[in-house]
Amino acid sequence: MDDKRISGYLELFDLPDSFTEAQLKQAYHDLVQVWHPDKHSHNERLRQKAEEKMKEINQAYHTFESY
């Protein structure tokens with residue numbers, strides 16, 4: 001797996017190089033609370049940004065789950 005991509009995902013999730021499943025889940029839930037598109041339904045521009053960010057968050061989460 002690409003070390004640069006993993007490093008970016010660790011930064012996105014604010015996780016150490018060695019993390020537990022519980023830390024991963026908590027970081028994921030924290031990011032969802034901030035970036036979920038429904039929280040930005042009042043502003044189309046922000047909702048679109050949130051959708052893109054959630055795609056990145058979900059991709060990172062699924063990468064770590066299979067890591």
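1. Which span should the 15 residues of helix H2 (residues 21-35) have at 1.5 Å a residue, and how far apart are its end C-alpha atoms? The expected span, taken as 1.5 Å times one less than the number of residues, is 21 Å, and the end C-alpha atoms are 21 Å apart, which agrees.

2. This is a predicted model, in which local features need pLDDT of at least 70 and side-chain atom pairs count only at pLDDT 80 or more, while totals for chains, interfaces and linings use all residues. Residues are numbered from 1 along each chain as its sequence is written, and side-chain values use heavy atoms, with hydrogens and water left out.

3. The chain holds three helices and zero strands, in the order α-α-α along the sequence; helices (H or I, at least four residues) and strands (E, at least two) are DSSP runs, numbered from the N terminus.

4. Within H2, the residues Leu24, Ala27, Tyr28, Leu31 and Val32 are buried, where buried means under 20% relative accessible area, exposed over 50% and partly exposed in between (1.4 Å probe, protein chains only). They lie on the same side of H2, because they cover an arc of only 135° around the axis, the arc being that of the directions from the helix axis to the C-beta atoms.

5. The buried residues of H2 pack against helix H1 (3-13) and helix H3 (44-65), a contact being heavy atoms within 4.5 Å. On the face of H2 turned away from its buried side are the exposed residues Ala22 and Gln33.

6. For the chain of 67 residues, buried residues make up 31%, and the C-alpha trace spans about 40 × 25 × 15 Å along its principal axes.
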